[in-house]
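Trainee: Hi! Could you walk me through this one while I have it open on my screen?
Mentor: Happy to, let's have a look together.

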Amino acid sequence: MTMPVRRHRGGAMQDRPLGWARNPLTEFDQLLSEMSGLIESTVGGVAPAAAWTPLADVTEYDDAFHVEIELPGVKSKDIDVEANGQELVVTGEIKEKERKGVLRRSTRRVGAFEYRLRLPGELDTDKIKADMQDGVLSITVPKAEVAKPRHVEISETSESTESSG
C-alpha cells in the first residue's frame with residue numbers, strides 16, 4: 001500500500017507521509033545538531049558539546065518549591081545540585097553506553113546537561129533536599145520564614161463615641 005505524500009510549492013515531495021504529526025522540538029534539535037556539525041567542520045577539531053536542558057516540572061507550595069527533573073538512566077553520583085541565592089542549578093552528564101553491534105537509530109540524549117531555575121522570593125538554601133527515584137530527580141527548596149505567607153487577623157473596632165458639634 002502506498003502512502004500519499006505532500007508536495008511543496010516547488011513540486012518537491014516531502015519525506016513524511018500525510019497524517020504524521022510534526023514535532024517542532026525534534027526539528028529544532030535536528031537543526032541544532034546540523035549547526036554544531038557545521039561549526040565543528042568550520043573551526044576544525046572537536047568543539048565542546050553544548051549542554052542541553054532536561055525536562056522539568058516546578059510546583060510552588062505555601063512553604064516550598066518542588067522541582068522534578070527527568071533524568072532517566074542517570075546515577076545520582078553523576079548529578080550536582082547547587083543553590084546560590086535565588087538560583088538553583090542542576091548539572092551532570094549522561095554517559096553514552098558502550099554498544100555491540102550496529103546502532104540503527106538513536107534519539108536518546110547523551111552528554112552534559114544543565115538545568116537553571118531562578119525562584120522568586122527568599123529561600124532557605126540550608127534545608128534543600130534532593131532525592132532520585134525511578135529516573136526522576138526531586139528537589140524540595142523551602143522558602144525562608146520571611147517569604148512564607150501568613151494570615152493576618154482583622155480586628156473590629158466599634159464606633160461607640162460620636163462627636164457632638
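This is a predicted model: local features need pLDDT of at least 70, side-chain atom pairs count only at pLDDT 80 or more; totals for chains, interfaces and linings use all residues.

Trainee: OK, and where is Phe 28 placed?
Mentor: Phe 28 belongs to helix 1, which covers residues 24–43.

Trainee: Which residues make up the nonpolar surface patch with Phe 28?
Mentor: Leu 31, Leu 32 and Met 35 form the patch together with Phe 28, and its area is about 370 Å².

Trainee: Let me zoom out. How many helices and strands does the protein have?
Mentor: There is one helix, and there are nine strands. Going along the sequence, you read the pattern β-β-α-β-β-β-β-β-β-β.

Trainee: And what share of the residues is buried?
Mentor: Of the 165 residues in the protein, 19% are buried.

Trainee: What holds strands together in a sheet, in general?
Mentor: Strands pair through backbone hydrogen bonds, in a parallel or an antiparallel way.

Trainee: Back to our protein, then. How many bridges join strand 3 to strand 4?
Mentor: Five bridges join strand 3 to strand 4, which spans residues 64–70, and the two run antiparallel. They form a hairpin, with three residues between the strands.

Trainee: Is Lys 143 buried or exposed?
Mentor: Lys 143 counts as buried, because its relative accessibility is 9% and the cut-off for buried is under 20%.

Trainee: What else does the side chain of Lys 143 reach?
Mentor: The Lys 143 side chain also reaches the backbone oxygen of Tyr 61, at 3.0 Å.

Trainee: How many salt bridges does a search of the whole structure find?
Mentor: Five salt bridges turn up. One of them joins the side chains of Glu 114 and Arg 116, at 3.5 Å from N to O. Glu 114 is partly exposed at 30% relative accessible area, and Arg 116 is also partly exposed, at 46% relative accessibility. Salt bridges with shared partners join Glu 87, Glu 114 and Arg 116 into one network.

Trainee: And which residue meets Asp 124 in a salt bridge?
Mentor: That is Lys 127, at 3.7 Å from N to O. Lys 127 counts as exposed, with 54% relative accessibility.

Trainee: Switching topic: what about the open sheet of three strands?
Mentor: Its order is 5-6-7, with antiparallel pairing. Strand 5 (79–84) and strand 7 (111–118) are at the edges with a single partner strand each, so one side of each has no neighbour in the sheet. The twist from one strand to the next averages 15°.

Trainee: How many bridges join strand 5 to strand 6?
Mentor: Six bridges join them; strand 6 covers residues 87–94 and the two strands run antiparallel. As an example to find on your screen, Val 81 stands opposite Val 90 in strand 6.

Trainee: One more place to check: what is the phi of Asp 134?
Mentor: Phi of Asp 134 is near 55°, a positive value in a residue other than glycine. Asp 134 lies in the loop between strand 8 and strand 9, and it counts as exposed at 73% relative accessibility.

Trainee: And Arg 150, where is that?
Mentor: Arg 150 is in the segment after strand 9, and at 70% relative accessibility it counts as exposed. The C-alpha atoms of Arg 150 and Asp 62 are separated by 9.3 Å, with the two residues 88 apart along the chain.

Terms used
Residues are numbered from 1 along each chain as its sequence is written. Side-chain values use heavy atoms; hydrogens and water are left out. Two strands pair if DSSP finds at least two bridges between them. Helices (H or I, at least four residues) and strands (E, at least two) are DSSP runs, numbered from the N terminus. Patches are made of residues with over 30% relative accessible area and no salt bridge: like charges are joined within 9 Å, nonpolar side chains (Val, Leu, Ile, Met, Phe, Trp, Tyr) within 5 Å. Accessible areas come from the Shrake-Rupley method with a 1.4 Å probe; for residues, only the protein chains shown count as cover. A salt bridge is a side-chain nitrogen of Lys or Arg within 4 Å of a carboxyl oxygen of Asp or Glu. Buried means under 20% relative accessible area, exposed over 50%, partly exposed in between (1.4 Å probe, protein chains only). A polar contact is a pair of N or O atoms within 3.5 Å; within protein, one must be able to donate a hydrogen and the other to accept it, and residues adjacent in sequence count only if both atoms are side-chain atoms. Axes are lines fitted to C-alpha atoms, for helices over the stretch in contact, and angles run from 0 to 180 degrees between N-to-C directions.
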